[in-house]
Amino acid sequence: MVDVHTPNLGISEEARSQIANGLSKLLADSYTLYLLTHNFHWNVTGPSFRDLHLLFEEQYTELANAVDEIAERIRTLGFPAPGTFKAFAKLSSIEQPDDVPAAQDMLRILAEANESVVRIARSVLPIAQDANDESSAGLISDRMRLHEKNTWMLRSML
């Protein structure tokens with residue numbers, strides 16, 4: 001009897017599991033970055049307030065859509081997507097400040113957090129490529145490109 005809940009995508013279960021695990025880390029880092037960016041959007045002050053407030057809003061809005069896409073890819077591969085603060089805290093590599101930093105520190109913190117997302121994406125990309133999982137590889141590559149650009153934009157304001 002065929003298990004109707006196990007996808008037959010032409011990717012082995014082991015490869016799907018490895019890709020889903022990597023995507024789970026990418027999801028956790030992306031969600032943590034979303035929260036961090038949204039927090040800074042709410043709390044930024046100073047002479048660059050308007051520019052940073054709008055930049056942070058643009059970035060957290062994009063991240064809100066991205067986390068859904070990443071989670072849905074994990075589900076497509078046949079695995080549960082992490083979705084709690086507890087799970088994200090365990091999986092995420094992004095450090096979060098305990099207080100509200102100054103605007104320039106926010107830019108640095110967000111640049112470093114975007115770089116963390118890039119590194120996680122870069123680590124899972126070859127796993128997807130080796131499994132001929134072009135759908136996951138494309139998603140991961142797109143995320144890398146966006147976060148590399150965000151890093152450049154944030155660092156350009158320092």
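Modeller: A crossing is left-handed when the near helix is turned anticlockwise from the far one by less than a right angle. The structure discussed here is a predicted model.

Colleague: Which hand does the crossing of helix 1 and helix 5 have?
Modeller: Helix 1 and helix 5 pack with their axes 12 Å apart, at an angle of about 30°. By the definition just given, the hand of the crossing of helix 1 and helix 5 is left-handed.

Colleague: How are helix 1 and helix 5 oriented to each other, roughly parallel or roughly antiparallel?
Modeller: The angle between helix 1 and helix 5 is about 30°. Angles under 35 degrees count as roughly parallel. Helix 1 and helix 5 are therefore roughly parallel.

Colleague: Is His147 buried or exposed?
Modeller: His147 is part of helix 5. A residue counts as buried under 20% relative accessible area. His147 has 0% relative accessibility, so His147 is buried.

Colleague: Which residues does His147 touch, not counting those up to four places away in sequence?
Modeller: The C-alpha atom of His147 is separated by 9.1 Å from that of Ala113, 34 residues apart along the chain. With residues up to four places away in sequence not counted, His147 touches Leu33, Leu63, Asn114, Val117 and Val118.

Colleague: What is the relative accessible area of Glu148, and how is Glu148 classed?
Modeller: Glu148 also lies in helix 5. Beyond its neighbours within four places in sequence, Glu148 is in contact with Val118 and Arg122. Because its relative accessible area is 36%, Glu148 is partly exposed.

Colleague: Which helices are included in what covers the buried residues of helix 5?
Modeller: The buried residues of helix 5 include Leu139, Ile140, Met144, Asn150 and Leu154. What covers the buried residues of helix 5 includes helix 1, helix 2 and helix 4.

Colleague: What is the distance between the end C-alpha atoms of helix 5?
Modeller: Helix 5 has 23 residues and, at 1.5 Å a residue, should span 33 Å. The distance between its end C-alpha atoms agrees with that expectation, at 33 Å.

Colleague: How far apart are the end C-alpha atoms of helix 2?
Modeller: Helix 2 covers residues 49–76, and at 1.5 Å a residue its 28 residues should span 40 Å. The separation of its end C-alpha atoms agrees, being 40 Å.

Colleague: Against which helices do the buried residues of helix 2 pack?
Modeller: Among the buried residues of helix 2 are Leu52, Leu55, Phe56, Gln59, Leu63 and Arg73. These buried residues of helix 2 pack against helix 1 (13–43), helix 4 (103–130) and helix 5 (134–156).

Colleague: How is helix 1 oriented to helix 2, roughly parallel or roughly antiparallel?
Modeller: The axes of helix 1 and helix 2 cross at roughly 155° and come within 8 Å. Angles over 145 degrees count as roughly antiparallel. The orientation of helix 1 to helix 2 is therefore roughly antiparallel.

Colleague: Which residue follows helix 2 with a positive phi?
Modeller: The phi in question is near 95°. The residue that follows helix 2 with this positive phi is Gly78.

Conventions
Residues numbered from 1 in each chain as written. Predicted model: local features only at pLDDT ≥ 70, side-chain atom pairs only at ≥ 80, totals over all residues. Heavy atoms only, no water. Helix = DSSP H or I, 4+ residues; strand = E, 2+ residues; numbered from the N terminus. Expected span 1.5 Å × (residues − 1). Buried < 20%, exposed > 50% of the residue type's maximum accessible area, 1.4 Å probe, protein only. Contact = heavy atoms within 4.5 Å. Axes fitted to C-alpha atoms, helices over the stretch in contact; angles between N-to-C directions. Parallel < 35°, antiparallel > 145°, perpendicular 65-115°, else oblique.
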